[in-house]
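Thanks for coming, everyone. I have one model to walk through this morning. Please take a moment with the sequence and the structure before I start.

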Amino acid sequence: MEIFELQAGYGEMVIRGTTMYWVLYALLRISGRRDLGSLGMADMLVLVLVADAAGNAMSGDSYSMGDGMIVVATIVGWSYLLDRLGYYLPPLRRLLEPQRVCLVRSGRVLAGGLKREHITRSELMEQLRLKGVSNLAEVERAYLESTGEFSVIRASGALGNGASTLEDEGPSG
């Protein structure tokens with residue numbers, strides 16, 4: 001039973017969990033939605049290293065399961081609380097969640113949106129191809145959503161005489 005005994009105090013574990021939650025939240029919010037809905041090898045490495053570093057900082061080198069459970073409960077509690085508050089308080093949700101970014105409008109690539117999210121034209125074209133789009137004229141709107149997912153609204157009656165998604169015209173073209 002001693003593995004469940006607290007080595008650090010309850011308050012200290014809550015403070016550590018809260019502090020690390022908000023620090024990591026801010027860092028991830030600042031870093032943006034670069035992944036376009038998937039994790040690459042470098043992203044996975046960063047995730048593992050952050051988790052390891054955050055785990056040590058949150059537990060204060062404590063090996064007690066009780067301390068760890070308090071930290072995990074604190075983190076899950078913050079997540080639950082923010083989800084509920086964001087639902088009932090839309091201004092808070094707009095503050096905490098990134099807004100969607102329009103990347104294509106009426107078959108034209110919006111360089112400002114690409115630049116803002118650090119997405120190259122070739123990455124955009126790849127995402128369009130994954131959505132079954134072979135030609136920019138087929139796209140009325142394309143967005144990078146707040147989740148990092150890519151969404152496409154197809155143009156009605158697109159003729160297919162615009163730029164091909166197979167073209168590669170540099171970083172933001």
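**Starting from one arginine**

Arg 105 counts as partly exposed, at 40% relative accessibility. Its place is in strand S1. Before I go on, a caution: this is a predicted model.

What does Arg 105 touch, once its neighbours within four places in sequence are left aside? Leu 110, Glu 140 and Arg 141. Take Arg 141. It sits 36 residues away from Arg 105 along the chain, yet the two C-alpha atoms are separated by 4.7 Å.

Arg 141 also has a charged partner. It forms a salt bridge with Glu 140, and the closest N and O atoms are 3.2 Å apart. Both ends are partly exposed: Arg 141 has a relative accessible area of 22%, and Glu 140 has 30%.

Now step back to the whole chain. It has 173 residues, and buried ones make up 28% of them. The secondary structure comes to six helices and four strands. From the N terminus, the order is α-α-α-α-β-β-α-α-β-β. Look at contacts between residues at least 6 apart in sequence: 68% of them join residues at least 24 apart. The chain exposes about 11,000 Å², with carbon and sulfur atoms supplying 61% of that area.

**The sheet**

Go through two of the pairings. S1 and S2 run antiparallel and are joined by two bridges. There, Val 104 stands opposite Val 109 in S2. S3 and S4 are also antiparallel, over five bridges. In that pair, Tyr 143 faces Ser 151 in S4. S3 and S4 form a hairpin, with five residues between them. Gly 148 is in the turn, and its phi is positive, about 95°.

Next, the inside. The largest nonpolar core has 15 residues. Which of them touch the most other members? Leu 103, Val 104, Val 109, Leu 124 and Leu 128. Strand S1 (101-105), H6 and S3 each supply at least two residues of this core. As background, nonpolar side chains tend to be buried together in soluble globular proteins.

Just after H6 comes Gly 132, with a positive phi of about 85°.

**Salt bridges**

Back to charges. The count comes to four salt bridges.

Glu 138 and Arg 154 meet in a salt bridge, at 3.0 Å from N to O. Glu 138 lies in the loop between helix H6 (121-130) and strand S3 (139-144), while Arg 154 is in strand S4 (residues 150-154), so the pair ties together parts that are 16 residues apart in sequence. Is each end buried or exposed? Glu 138 is buried, with a relative accessible area of 16%. Arg 154 is partly exposed, at 41%.

Then Glu 117 with Arg 116. This is a salt bridge too, with the closest N and O atoms 3.8 Å apart. Glu 117 counts as buried, at 10% relative accessibility. Arg 116 is exposed, with a relative accessible area of 52%. The cut-offs here are under 20% for buried and over 50% for exposed, so Arg 116 falls in the exposed class at 52%.

**A patch on the surface**

One last stop. Which residues make the nonpolar surface patch of about 540 Å²? Leu 81, Leu 85, Tyr 87, Tyr 88 and Leu 89. Tyr 87 is found in helix H3 (residues 65-88). It is exposed, with a relative accessible area of 58%.

That is the tour. Questions, please.

Terms used. Residues are numbered from 1 along each chain as its sequence is written. This is a predicted model: local features need pLDDT of at least 70, side-chain atom pairs count only at pLDDT 80 or more; totals for chains, interfaces and linings use all residues. Side-chain values use heavy atoms; hydrogens and water are left out. A salt bridge is a side-chain nitrogen of Lys or Arg within 4 Å of a carboxyl oxygen of Asp or Glu. Buried means under 20% relative accessible area, exposed over 50%, partly exposed in between (1.4 Å probe, protein chains only). Patches are made of residues with over 30% relative accessible area and no salt bridge: like charges are joined within 9 Å, nonpolar side chains (Val, Leu, Ile, Met, Phe, Trp, Tyr) within 5 Å. Accessible areas come from the Shrake-Rupley method with a 1.4 Å probe; for residues, only the protein chains shown count as cover. A nonpolar core is a set of buried Ala, Val, Leu, Ile, Met, Phe, Trp, Tyr and Cys residues joined through side-chain atoms within 4.5 Å. Two strands pair if DSSP finds at least two bridges between them. Contact means heavy atoms within 4.5 Å.
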